[in-house]
Amino acid sequence: MSDISENAITVSDVKIRYRVFKKISLLKTILAPYKYKKTELFEAVKGVSFEVPKGQILGIVGKNGSGKSTLLKAIAGIFSPDEGEIDLHGHSVSLLSIGVGFQAKLSGRENIYLSGLLLGFSRQQIDEKLDEIIEFSELGDFIDRPVKTYSSGMYSKLAFSITAILETEIMLIDEVLSVGDAKFKKKSYEKMKSLITNTDRTVVIVSHSSDTLKQLCNTILWLHEGEVKMQGSCEEVLPKYEEFMS
Amino acid sequence: MFLKKIRFFKDFKRFFNYIVFAVKAELKSEVADSFLSWLWWFLDPLLYMLVYSFIAVVVFSSNIPYFPAFVFLGLNTWGLFNKTIKASVKLVSAKKMIVTKVYVPKFMFVFEKLGVYGFKMVIANLLVVGTMAIYRVPITWRVVWIIPITLVLVVVTFGVSTIIMHFGVFVEDLLNVITVVLQLGFYLSGIFYSIDEIGVKNHGQIYIPGRVPEPWGEWLVKLNPMALLITDLRRVLLYGENPHWVMMIAWFVVGVFMSFVGIKIIYKFENSYVKVI
């Protein structure tokens, strides 16, 4: 059982900052340079460290603005931390359910390929899973129409289906545990559950729902204002978190 | 530095299939978008050629041989450079949907644009071939030089575009500046007039002096890569002359250097793009 010590995610002393001002303008810089001298920094994540062993499920809780989603995006590689390090030990990773981002003019089918290729899958791997994705998404003939014609429900169904069926070794799940209508919600929840409980897969879930986390997670990380407030088993952390939030 | 280079090639390999698919998909969606919209890939240069022919032939009484082919080459070549750079300014925010959800080395988007506009350039250049056939332009073996010249065009365009793309993320009015600069570049690249002389003086063949007085003409061809590329494409294709070898090699080196700098800054800063857009 040497596998237990094998980590899938190592986050060490990660700090992530946002600049408060957004963009600069050449014209404004020339005409009013003093306005841009102030560069306020906002630190969303202030030195967080944790490890997730392979096959484990970590839940992240915290109030709004505590840096949960920022941290998740950093693990997904969408942006790198300003300080510290995130090591995924060579595992493939995807942010589940929100999709990879679609090109509105292209058909659903083409977007499946684009998303898959972006996630690092080969044409062949996508070919193999294509039918399954289309079937799961319940889009029917719409799959060959441009994504811009989709309703928001159809859009998220497709997004979910792609990331759920093109499985990566590490899955990051941000909040939305169910999408679409009631029927699809149930189906996607079941699918997600089966993905999460697969022992080969490492999962990080951000959620506000203690019930969901209690059911699914091995350990819980409680973030508060960008710092780790508590880390431990569900039984240890969740009651205290609920008490704190009420 | 060597490691960075390896990372570039690794990333290029990893995302190559994505680029190819994205280029095809974008072209396909353009074709599918409206009936016969691909016709504009021809009509655009054709109509502009007529406009510039009027200006050049009627207003400035130009007597350049094979003038339509001359203008097409200028327009199509400039088109690739111009469109890719303009698209690069806002490219990261245009790809917001992808950038905020998955990691992609951002210079891949420049490759995507190069692929799309490159394909359109090739299609539009069929007009050059057509006009050359109509005029029965004598072909020499020097046409093979279009391959290295096109390579320099791609490298220079990529280098400039990656750098522009990076600054485009942070500077909100960069597009205004770039548009003016490109407009100037258009007039300084000899699209509808010849900067350089055509043919050799007192040689018994065609000879047309350049429109820009020396030494300015020479400097323009040397310092403006687009002027150089367009001039040399015409020389090898239409007039059976050799390209300016030294300057071509020099701009290739500069292009590679710019690409290197562009890729390096993108790798360094791309992860903060998401926080700005």
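The contact between the two chains takes 28 residues from chain A and 26 residues from chain B. Two residues are in contact if their C-beta atoms, placed from the backbone, lie within 7 Å. On the side of chain A that touches chain B, β1 (7–19), α1 (26–31) and α3 (108–118) of chain A each supply at least two residues. The largest share, 5 residues, comes from α3(A). By class, this side of chain A has 16 nonpolar, 6 polar and 6 charged residues. Here Ala, Val, Leu, Ile, Met, Phe, Trp, Tyr, Cys and Pro count as nonpolar, Asp, Glu, Lys and Arg as charged, and the others, Gly among them, as polar.

This is a predicted model: local features need pLDDT of at least 70, side-chain atom pairs count only at pLDDT 80 or more, and totals for chains, interfaces and linings use all residues. Residues are numbered from 1 along each chain as its sequence is written, while chains are lettered from A and ligands numbered from 1 in the order in which they are written. The pLDDT is the predictor's confidence in each residue, from 0 to 100. Chain A averages a pLDDT of 83, and 89% of the residues score at least 70. Among the elements of chain A, α4(A) has the highest mean pLDDT (92) and α1(A) the lowest (76).

Next comes the make-up of chain A. Its secondary structure comes to 8 helices and 9 strands. Helices (H or I, at least four residues) and strands (E, at least two) are DSSP runs, numbered from the N terminus. Of the contacts in chain A with a separation of 6 or more, 73% join residues 24 or more positions apart. Buried residues make up 39% of the 246 residues in chain A. A residue is buried if 20 or more other C-beta atoms lie within 10 Å of its own, exposed if 12 or fewer, and partly exposed in between, with C-beta atoms placed from the backbone.

Now follow the sheet. Six strands of chain A form an open sheet in the order β5-β6-β7-β3-β8-β9, with mixed pairing. Two strands pair if DSSP finds at least two bridges between them. β5 and β9 (227–233) of chain A stand at the edges, each with a single partner strand, so one side of each is left without a neighbour in the sheet. The twist averages 20 degrees from one strand to the next. Helix α2 (residues 68–75) of chain A packs on the sheet, touching β3 (57–61), β5, β6, β7 (202–206) and β8 (219–224) of chain A. The direction of α2(A) makes about 155 degrees with that of β7(A). For such angles, axes are lines fitted to C-alpha atoms, for helices over the stretch in contact, and angles run from 0 to 180 degrees between N-to-C directions.

The bridge partner of Val93(A) in β6(A) is Ile170(A).

Ile220(A) stands opposite Gly232(A) in β9(A). The two strands form a hairpin with 2 residues between them, and Glu225(A) in the turn has a positive phi of about 50 degrees.

What lies inside? In soluble globular proteins, nonpolar side chains tend to be buried together. A nonpolar core is a set of buried Ala, Val, Leu, Ile, Met, Phe, Trp, Tyr and Cys residues joined through C-beta atoms within 7 Å. Of the 143 residues in the largest nonpolar core, Leu172(A) and Ile205(A) touch the most other members. The largest share of this core, 12 residues, comes from helix α3 (residues 67–89) of chain B. Not counting residues up to four places away in sequence, Leu172(A) touches Leu72(A), Ile75(A), Ala76(A), Val93(A), Leu95(A), Leu96(A) and Val204(A).

Some loop residues deserve a look. His89(A) lies between β4 (83–87) and β5 of chain A. Its phi is near 50 degrees, a positive value in a residue other than glycine. His89(A) counts as partly exposed because it has 13 C-beta neighbours inside 10 Å. Glu138(A) sits in the loop between α4 (123–137) and α5 (152–165) of chain A. Phi of Glu138(A) is near 60 degrees, also positive.
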